[in-house]
Structure formats: C-alpha cells, structure tokens
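Q: Can you walk me through this one? Keep it short and plain, please.

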Amino acid sequence: MSVFNVELKKVVDDSYDIEMGYRLEDQLVEDLETGLLGKIRKFAVITDSNVLDLYAKPISEKLSKAGFKVELFVFPAGEKSKTRQTKAKIEDAMLEKGFRRDCAVIAIGGGVVTDLAGFLAGTYGRGVPFINYATTLLAAADASVGGKTAVDTYIHTGLVHLDTPLATNLIGLFNQPRKVYIDIAAWKTLPKRQMASGMAETIKHACLASREMFEFIEENLDDIMSFQKFACEYIAENNCKIKYDVVMKDERESGLREVLNLGHTVGRAIETVSDYRLLHGEALSIGMAAMVLLSARLGYMSEEEAERVTKLYERVGLPTRIPDYIDREALVKKLYTDKKVRDGKLRFVIEKGIGDVVEFAPNVYAKPIEESLAREIIMEL
C-alpha cells in the first residue's frame with residue numbers, strides 16, 4: 001500500500017472594486033475596453049423581465065457598439081425563478097449560442113439576478129468571470145459584498161402552482177465577482193414597495209453593527225426615500241462597509257458571518273410559507289420584529305429598543321406582523337429548513353441593544369432556541 005500526497009496550497013487574491021455612482025453604464029463599457037476582464041470579448045448578459053428594457057438592453061447595445069459579442073438571457077422576474085431549473089435553462093441556451101470558457105457573465109438586476117448569475121458563472125465551464133451591475137437597493141445592500149451565490153429548491157408535484165418551497169439558498173457556492181457597480185440612479189425606477197424592501201436589509205445592517213447608521217436612517221428616512229444624493233450615498237457606502245467588515249473576517253461563514261443572518265430565521269421561513277406573496281424585505285421586516293421581541297424576552301435589549309427597531313421598519317412602510325393567511329404551525333415547521341439549524345435545533349442570531357449582536361462564546365453568534373419559545377414569539381406576531 002502507498003500514499004501519494006497531492007499538495008495544493010493556494011494563495012488567491014479575490015479583491016474587487018465596488019463602484020457607487022449614477023448612470024454607470026458607460027463606465028462599465030470603458031472598464032471592459034481597458035482590460036477589466038483581460039482579453040475576454042464575449043459576454044452573457046443575464047437579467048430578468050423587469051430590468052430587461054430599463055437597463056439590460058441599453059447596456060448590451062453599448063457593449064455591442066464597442067465591438068463586444070453580447071447575448072441576452074432573460075428569465076421571469078421574482079424569487080420563484082431563482083431555481084436550478086432556471087439556471088439549467090440559461091446554461092443550455094448559452095451552450096446553444098456557442099458560449100465556452102472564453103466568456104464572462106454580466107448580471108444586471110437585483111438580488112435574484114446576481115445570486116443566480118453568480119452561481120451560474122461559478123459552475124459554467126468550471127468557472128468563468130462575472131460582473132454584478134446592481135439596480136436595486138436590496139442588491140446593493142445584500143448582494144454586492146460576500147460572494148454568496150445560490151438558488152432555492154422546490155419539491156415538484158407535477159402541478160406548477162403547487163410546487164412547494166423546500167429550502168432557500170442551500171444550493172450554491174462562494175464566488176467573488178470581478179467588479180460590482182451600484183447604480184444609485186436606478187433606485188428611482190423602483191416601485192415604492194421594492195425600495196422599501198431594500199431598506200429592510202439596510203436597517204438590519206445598522207441594527208447589527210452601527211448605532212450611528214441606525215440613527216442616521218431615523219433622522220434622514222424621508223431624504224432616503226425621496227432619493228436625496230447625500231442620504232442615498234451614505235446608506236450605499238455604509239451597507240458595503242458593514243458587510244465587508246464581517247466578510248473580511250469570515251469569508252466562508254465559519255462563525256462571525258452568521259450575524260448577517262440577523263432576522264432571517266423567521267424572515268426566510270415567512271417568505272417561503274407566503275409562497276413569495278411577500279417580498280424578501282417585507283418578510284425580513286417581520287423576521288426582525290420577531291428577533292427583537294425574542295432579544296427583549298431574553299434580556300439582550302430593552303423593550304424600548306425593540307419598539308424603536310420595529311417602529312423604524314413601520315415608518316418605511318414595511319410589515320411587522322405576520323399576515324393572517326400564513327399558517328403559524330406551518331411557519332414553525334419551516335424554521336427547521338434554516339441553514340443555521342444544527343443537530344435538529346433551531347438557532348437564532350440575536351441583537352444586543354441597537355448596533356450590536358450577542359457573541360455567546362468565542363466566534364459563536366447563534367443561540368439554540370427551544371421550539372416552544374420560537375412558537376410563542378410567532379404567535380405574538
């Protein structure tokens with residue numbers, strides 16, 4: 001018997017720039033012309049039906065005029081499209097169009113687009129470069145830093161409208177983009193409901209890491225929602241900074257990075273049990289309301305602080321109560337599909353005051369919670 005050791009020590013630099021500004025289409029083209037992706041001249045532009053005419057087509061036309069070969073790949077907008085089936089359809093279409101390993105992916109859209117396209121880029125041809133062009137506040141807050149890409153999984157019943165959500169974001173990989181563009185001008189094209197949804201992740205970031213940012217949002221919410229330049233630039237920059245400070249210390253989610261899941265244990269469960277009638281940010285808002293109620297119950301924040309968080313979400317126009325059409329017991333069961341579950345036990349990231357989270361032991365940021373207490377919190381909402 002013999003042993004052959006395959007030594008594969010690697011030093012990888014996955015650094016990239018996040019450019020924040022207004023109308024960044026020309027900057028994207030210029031960056032590609034000056035070698036952002038080396039000699040690559042063939043691009044698969046992946047987008048959804050909402051963003052197609054607003055941004056994806058105009059950017060694709062600019063790239064074509066600059067001499068690049070561009071093909072558009074479009075899927076129906078919405079979380080229900082973030083599946084392995086959608087990914088496979090786009091991959092098949094790319095193969096039919098002759099895309100091989102000498103291409104790159106440009107994702108233009110919100111979080112669903114960047115999640116799906118980043119996952120696809122990580123597996124297509126065993127990995128091709130990709131760029132994110134974020135057109136929503138939610139994507140700017142949640143998808144610009146960290147490299148987490150994934151799809152949702154469904155149990156297929158054979159009847160399209162009866163497909164059951166099985167798990168969210170559990171099939172995917174860590175894959176860093178070559179560059180991210182946050183086009184703040186695009187926020188003005190968002191319906192009010194979508195803009196509010198994006199604010200849910202922004203407030204969450206403030207809750208977990210920056211009391212100063214939380215107070216800024218309290219004081220300048222009207223300016224943010226009316227797209228005042230100083231206010232929008234502040235939240236765009238601080239969203240990236242807070243997430244970067246976490247991801248830099250824990251890129252692969254071995255401990256600290258779990259804090260970014262604040263409010264998501266209940267939030268993600270509500271999102272799927274609602275059959276995506278609720279947007280991600282709307283579900284997260286309810287999840288944050290549940291989390292601060294739990295935190296106050298456990299003595300990690302005061303009732304006044306918990307109410308302050310809930311009131312800020314309500315000022316944005318987000319829900320903080322579970323809709324009547326959601327089955328509470330089904331919701332409790334759905335909590336067990338959360339990725340933080342260990343050995344069959346529910347685990348919650350819990351806020352400490354405003355602007356911090358609880359570290360329960362060195363590098364341990366999620367606490368096991370009995371189902372009975374989780375059910376009690378859910379019934380109160």
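**Side chains, rings and a sheet**

A: A polar contact of 2.6 Å joins the side chains of Thr265 and Lys340. Keep in mind that this is a predicted model.

Q: Where is Thr265 found?
A: Thr265 is in helix H9, which covers residues 264–273.

Q: Is Thr265 buried or exposed?
A: Thr265 is buried. The relative accessibility is 4%, and buried means under 20%.

Q: Which residues is Thr265 in contact with, leaving aside neighbours within four places in sequence?
A: Thr265 is in contact with Leu335, Asp338, Lys340, Arg347 and Phe348. Lys340 is also the partner in the polar contact.

Q: OK, what about Ser60? Where does Ser60 lie?
A: Ser60 lies in helix H2, residues 52–65. Ser60 is buried, at 7% relative accessible area.

Q: Which backbone oxygen does the Ser60 side chain reach?
A: The backbone oxygen of Ala56, at 2.8 Å. Ser60 also touches Val45, Val70 and Leu72, if you don't count residues up to four places away in sequence.

Q: New topic: rings. How many aromatic pairs are there?
A: The count is six aromatic pairs. One of them is Phe73 with Phe99. Their ring centres are 5.7 Å apart and their planes are at 75°. Edge-to-face needs planes over 60 degrees apart, so this pair is edge-to-face.

Q: Which parts does the Phe73 and Phe99 pair tie together?
A: Phe73 is in strand E3, residues 69–75. Phe99 is in the loop between helix H3 (84–96) and strand E4 (103–109). So the pair ties together parts that are 26 residues apart in sequence.

Q: What sits over the ring of Phe99?
A: The charged end of Lys42 does, 4.8 Å from the ring centre. Elsewhere, Arg277 lies over the face of Tyr325, at 3.5 Å from the ring centre.

Q: Back to the pairs. What about Phe216 and Phe230?
A: Phe216 and Phe230 form an edge-to-face pair. The distance is 6.3 Å centre to centre, with 80° between the planes. Phe216 lies in helix H7 (residues 211–225) and Phe230 in helix H8 (residues 229–249), so this pair ties together parts that are 14 residues apart in sequence.

Q: Which residues form one aromatic cluster?
A: Phe216, Phe230 and Tyr234 form one cluster.

Q: Now the sheet. What is the order of the strands?
A: The order is E1-E8-E5-E4-E2-E3. These six strands form an open sheet with parallel pairing.

Q: Which strands stand at the edges?
A: E1 (17–21) and E3. Each has a single partner strand, so one side of each is left without a neighbour in the sheet.

Q: What does the twist average?
A: The twist averages 15° from one strand to the next.

Q: How many bridges pair E5 with E8?
A: Four bridges, in the parallel sense. E5 covers residues 130–134 and E8 covers residues 179–183. Tyr133 stands opposite Tyr181 in E8.

Q: Last one: which strands does helix H4 lie across?
A: Helix H4, residues 111–123, lies across E2 (42–48), E3, E4 and E5. Helix H4 runs at about 170° to E4.

Terms used. Residues numbered from 1 in each chain as written. Predicted model: local features only at pLDDT ≥ 70, side-chain atom pairs only at ≥ 80, totals over all residues. Heavy atoms only, no water. Phe/Tyr/Trp six-rings, centres within 6.5 Å; stacked < 30°, edge-to-face > 60°. Helix = DSSP H or I, 4+ residues; strand = E, 2+ residues; numbered from the N terminus. Lys NZ or Arg CZ within 6 Å of the ring centre and 35° of its normal. Buried < 20%, exposed > 50% of the residue type's maximum accessible area, 1.4 Å probe, protein only. Polar contact = N/O pair within 3.5 Å; in protein donor to acceptor, adjacent residues only side chain to side chain. Contact = heavy atoms within 4.5 Å. Pairing = 2+ DSSP bridges. Axes fitted to C-alpha atoms, helices over the stretch in contact; angles between N-to-C directions.
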